[in-house]
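Work through the exercises below with the structure open beside you. Try each task before you read its solution.

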Amino acid sequence: MPASRRHHRALAVFVNGLGILAAVPALPAATPTTRAEAAPAVTTPASPPARATPTGPAATPLPTGPATPMATPQPAGHAPPAAPGAAATGAVIPVPPGMPAPGMATTANPGSPRPAQPVTVTVAPAGTPVPGYRIQLRNDSGFPLDTTVRQELPAGASPTAVSAGGRAIRSAGNGTAEVTWRLRLPARSTTTLDTALAATPPGTSVTAPACAFTSDGNRPYDCATATWQAAAAPATRVEEAAPAWRRPPILAAALAALLVIAGGGLWWGQRARRRRSGVEPTGAAPTVVGSPTYAGGAAAPGGGTVYPRPAAPGGSGRRRTPPVWMIVGVAAAILAGVVFAAGWTATQRVAAIDTTKQPTSGAWMGRGATGSVGVPLRENAFEFTVYRVACETAGGTGRRCHATVGVRNLTPEQQAWHGELQRAYLPGGNWVSTDEPATRLANLGRDVFAQPVAAGNRVVLPLVFTLNGAQKPKQLELRSGVFSAGVRVDVP
């Protein structure tokens, strides 16, 4: 065989071999199954949720010192489902950054939110003459949890009675106080806490939110708020005097005076016009001084005469005009009145503008709202509730303030929000946005702003603001979007 044919045949065989290798699909690599996957799953009947009964297990107050992890023995083959971010003892454990917070939509399925937290909180005002609250903590998990419960009290309020295990801590800076409990919640149980505050003036309302945190007191499980409303005092009816222009006697007297003045003005004008025309008010023709009296005239006895009587010189027919000084004075007075009325109206409208109030119309979407800590405030898409604002005591550069915020999506669609739009305002007027790296660290590595809030769901999470100096934020501004009117929360 010639050499050229041998080369061509070898090349054809090589090309055909490459085509066969490319056509054959790659076989999947066999993955060895672990012993846990090979073993059949062991299922145990779930115990029904325990109701709040006196015979159920009670929450055990923990010592006030630093929390230490406690081991809970479990039967072999029965591993309880661990809650995201919390171990069986309530200690914080690392959570993968991709795991969304409860209530936030997942990337794969945006419509389905994550399961709720294992601990839920409800707060209700007590029906007492003095401010009082009943806090219920529900542990829905199948294992005990160590929790730290904090109830924020408004400025000036002081607790008079606290459930066993709780203690009141008062802040020296702003006069606010909080009640703290360290509890161990039994599995599938409900724990009730009670607080009572000092009496308040009639007709006032007191709002006191409460939150359940993990054992270290940093990450909130759940929060709730309630407002105690005092019974309104019987209102004494006070008869307010009507303005002068609304009193009938004064109106009648003013009308009568106006008619008298108008009548007098008309009479005086008529008299002056007759005098200018040369006719006396009595109707007789005026007598010209110095004119001779003719025989048979009107003034002579016996009647008239055939000779015509010379006409009496009449008055001048020139029209009288008002003086120039009067015209100028009246015009100046009218102009001054118009200028004064315009200036007064503009001043009143400018004074009515509240520069600290959020815009409620125009290019902004929705209506803004302003409230205090613990009060739910609604804007265009979200309902924000600030439950707690705590700042580090050490001053200087990089002092962090943690705000526990509840966000509820009021729209039928998932909504995203942004950390740059959440601000903390200082007393001097300066503001800082959310410290996103610190916020991610406080949320166990989750980027809460990268995950939208599912429709109709609510999340409770901490936001971190980094400040320079010893000043505490005076107000928090929270909004769902760039063009949203947002809400403002006054920080005590």
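The exercises start with the whole chain and then turn to strands, cores and rings. The model is a predicted one.

**Exercise 1. The whole chain**

Task: State how many helices and strands the protein chain has, and what share of its residues is buried.

Solution: 
- Step 1. Count the elements. The protein chain has five helices and 21 strands.
- Step 2. Look at burial. Of the 492 residues, 30% are buried.
- Step 3. The accessible surface of the protein chain is about 30,700 Å². Carbon and sulfur atoms account for 62% of that area.
- Step 4. Check the reach of the contacts. Take contacts between residues at least 6 apart in sequence: 67% of these join residues at least 24 apart.

**Exercise 2. An open sheet**

Task: Find the order of the strands in the four-stranded open sheet, and name its edge strands.

Solution: 
- Step 1. Read the order. The open sheet runs β2-β3-β8-β5, with antiparallel pairing.
- Step 2. Find the edges. β2 and β5 (159-162) each pair on one side only, and they are the edge strands.
- Step 3. Zoom in on one pairing. β3 and β8 are antiparallel and share eight bridges. Here Arg134 stands opposite Asp194 in β8.

**Exercise 3. Two residues compared**

Task: Decide for Gln136 and for Thr147 whether the residue is buried, partly exposed or exposed.

Solution: 
- Step 1. Read its accessibility. Gln136 has a relative accessible area of 34%, so it is partly exposed.
- Step 2. List its contacts beyond four places in sequence. Gln136 touches Thr120, Val121 and Thr122, and also Thr190, Thr191 and Thr192.
- Step 3. Take one distance. Ala124 is twelve residues away along the chain, and its C-alpha atom is 8.6 Å from that of Gln136.
- Step 4. Read its accessibility. The relative accessible area of Thr147 is 1%, so Thr147 is buried.
- Step 5. List its contacts, again beyond four places in sequence. Among them are Val119, Trp181, Leu183, Phe213 and Tyr221.

**Exercise 4. A hairpin**

Task: Describe how β10 and β11 are joined, and explain why β11 counts as largely enclosed.

Solution: 
- Step 1. Strand β10 (residues 210-213) pairs with β11 in the antiparallel sense over four bridges.
- Step 2. Pick out a facing pair. Cys211 stands opposite Cys223 in β11.
- Step 3. Look at the turn. β10 and β11 form a hairpin, with six residues between them. Gly217 in this turn has a positive phi of about 80 degrees.
- Step 4. Strand β11 (residues 220-224) has five residues, and five of the five are buried, so the rest of the structure largely encloses it.

**Exercise 5. Nonpolar cores**

Task: Name the residues that touch the most other members of the largest nonpolar core, and the element that gives the most to it.

Solution: 
- Step 1. Start with the members. The largest nonpolar core has 27 residues, and Val123, Tyr133, Ile135 and Leu137 touch the most other members.
- Step 2. Trace the elements. Two or more residues come from each of β2 (119-125), β3, β4 (145-153), β7 (177-185), β8 (189-197), β10 and β11.
- Step 3. Pick the main contributor. β7 gives the most, with five residues.
- Step 4. Follow one member. Beyond four places in sequence, the contacts of Val123 include Tyr133, Ile135, Ala208, Ala210 and Ala224.
- Step 5. Find another core. A core of 25 residues lies apart from the largest one and includes Ala369, Leu461, Leu476 and Leu478.

**Exercise 6. Aromatic pairs**

Task: Classify the ring pair Phe382 and Phe384, then the pair Phe384 and Trp417.

Solution: 
- Step 1. Count. The whole structure holds four aromatic pairs.
- Step 2. Take Phe382 and Phe384. Their centres are 5.7 Å apart, with 80 degrees between the planes, and the pair is edge-to-face. Both residues are buried.
- Step 3. Take Phe384 and Trp417. This pair is tilted: 6.4 Å centre to centre, with 45 degrees between the planes. Both Phe384 and Trp417 are buried.
- Step 4. Locate the partners. Phe384 is in strand β15 (residues 382-391), and Trp417 is in the loop between β16 (397-409) and β17 (423-425), so the pair ties together parts 33 residues apart in sequence.
- Step 5. Join the rings. Ring pairs link Phe382, Phe384, Trp417 and Phe449 into a cluster.

Key: Residues numbered from 1 in each chain as written. Predicted model: local features only at pLDDT ≥ 70, side-chain atom pairs only at ≥ 80, totals over all residues. Heavy atoms only, no water. Buried < 20%, exposed > 50% of the residue type's maximum accessible area, 1.4 Å probe, protein only. Pairing = 2+ DSSP bridges. Contact = heavy atoms within 4.5 Å. Areas by Shrake-Rupley, 256 points an atom, 1.4 Å probe, with all protein chains shown as cover. Core = buried A, V, L, I, M, F, W, Y, C linked by side-chain atoms within 4.5 Å. Phe/Tyr/Trp six-rings, centres within 6.5 Å; stacked < 30°, edge-to-face > 60°.
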